[in-house]
Amino acid sequence: MSLFADFLNEIKRNDSRGRCLHYESDEQCSKFINAHSIQKSNQLGVIAESGHIYRVTADLSTMRKNNGRPAPKKVGVKKASTFSGFCKRHDNDLFQPIDDFPLQPNAEQIALYAYRCICREFFVKQNAESSIESLKNHPELSAEGRSVLLSSLAGHSLGFHRLKHHKQYYDRALSDKKFDEFEYITFESRSPWNLQLSGVLYPDYDFEGRKLQDLGDHSSPLGFISFFTAPTSQGWSFSICWHGSSNEPCFNFVESLRSAVSNGEKLEDVLFRFSISCCENHAFRISWWDSLTDSDKTEILSRVELVTDLNIPIPDSYLAKGLEGIADWEFEHVYTSLSVGT
Ligand SMILES: [Zn+2]
């Protein structure tokens with residue numbers, strides 16, 4: 001087997017290795033299920049067509065088939081956005097308020113969505129670390145390749161360590177039912193729902209191109225946000241959320257969103273740009289994507305390439321401009337835990 005094939009197999013093996021990331025997980029956790037980080041029944045089901053969605057991806061196999069460029073990939077809803085990060089019992093017990101009810105939003109629901117986001121990221125990061133770890137003694141690896149791999153492993157370990165720091169806060173808040181330790185802003189829309197996502201981010205630059213925090217500074221913890229779409233009783237919603245321990249950069253991040261919009265930017269454009277630039281865990285409605293003009297598709301794919309290709313420098317203004325006029329949503333309502341809303 002080649003190094004590349006071994007690597008892909010290792011990733012697959014890790015992805016299917018179930019575990020329970022619930023804050024009270026113990027040896028009784030069993031029946032690890034394929035949980036959907038974007039809910040299957042009342043989210044993905046809404047945008048799926050013939051049981052499928054598109055995911056614009058820069059994963060290794062897509063890039064290989066597409067001359068090294070990102071491309072939309074048709075994915076079956078059953079497989080889309082799943083991760084085996086909870087046992088059946090904990091998944092059912094914990095997420096019932098969001099799996100069985102639309103987002104109102106209330107503090108508990110926001111905390112649960114955010115928790116699912118961080119747990120999915122934890123699952124992915126843990127897998128990446130062990131996939132790379134398992135290859136470092138591969139017989140086909142050259143000395144140079146090994147050194148690249150080891151530095152990648154160091155980077156992943158650091159990223160994973162950072163994430164564990166934040167998961168501890170989330171775990172404790174959930175376990176103590178202190179849901180109001182999370183701050184959030186939720187935008188609600190009645191427009192057709194064409195893009196669904198859930199993700200996390202250490203915001204580095206704000207929506208006006210100002211630096212928020214230095215991702216290369218390893219001496220102190222970074223501020224961390226979760227963001228997600230969710231069904232509401234009136235339509236659907238886009239939320240940005242963070243634990244109070246990340247207040248400093250995250251409050252400024254959201255404040256810059258308010259400021260960008262009051263300076264004439266369309267909220268819908270800003271959130272679409274944010275979605276494409278910061279979230280690989282998403283699902284597009286296939287007919288919506290297919291109806292886009294070629295130049296819109298190219299602009300989206302170029303943005304995905306910009307944020308995934310390590311050889312292209314990302315401009316400070318990446319969240320401040322680009323991808324205008326593509327989103328056809330309208331947001332009608334804002335809900336927030338913050339005393340100053342947008
Ligand atoms: Zn469990």
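The zinc ion is held by four protein donors, namely C20 (SG), C29 (SG), C87 (SG) and H90 (ND1), which lie 2.1 to 2.3 Å from the metal, where donors are N, O and S atoms within 2.8 Å of the metal (3.2 Å for Na, K and Ca), and water is not among the atoms, so sites may look incomplete. The structure is a predicted model, in which local features need pLDDT of at least 70 and side-chain atom pairs count only at pLDDT 80 or more, while totals for chains, interfaces and linings use all residues. Residues are numbered from 1 along each chain as its sequence is written, and side-chain values use heavy atoms, with hydrogens and water left out.

Because the 4 donor atoms subtend angles of 104 to 117 degrees around the zinc ion, the arrangement is tetrahedral (for four donors, all angles between 85 and 135 degrees). Along the sequence, the donor residues follow the spacing C-x8-C-x57-C-x2-H. Distant parts of the chain are linked by C29, in the loop between α1 (3-15) and β1 (32-36), and C87, in strand β4 (residues 82-87), which are 58 residues apart; helices (H or I, at least four residues) and strands (E, at least two) are DSSP runs, numbered from the N terminus. C29 counts as buried at 9% relative accessibility, and C87 counts as buried at 1%, the term meaning under 20% relative accessible area (1.4 Å probe, protein chains only).

In strand β6 (residues 195-201), 7 of the 7 residues are buried, so the strand is largely enclosed by the rest of the structure. β6 pairs in the antiparallel sense with strand β7 (residues 225-231) over 4 bridges, pairing requiring at least two DSSP bridges between two strands.

Key
Buried means under 20% relative accessible area, exposed over 50%, partly exposed in between (1.4 Å probe, protein chains only). Four donors count as tetrahedral if all angles lie between 85 and 135 degrees; four count as square planar and six as octahedral if opposite donors are over 155 degrees apart and all others between 65 and 115; anything else is irregular.
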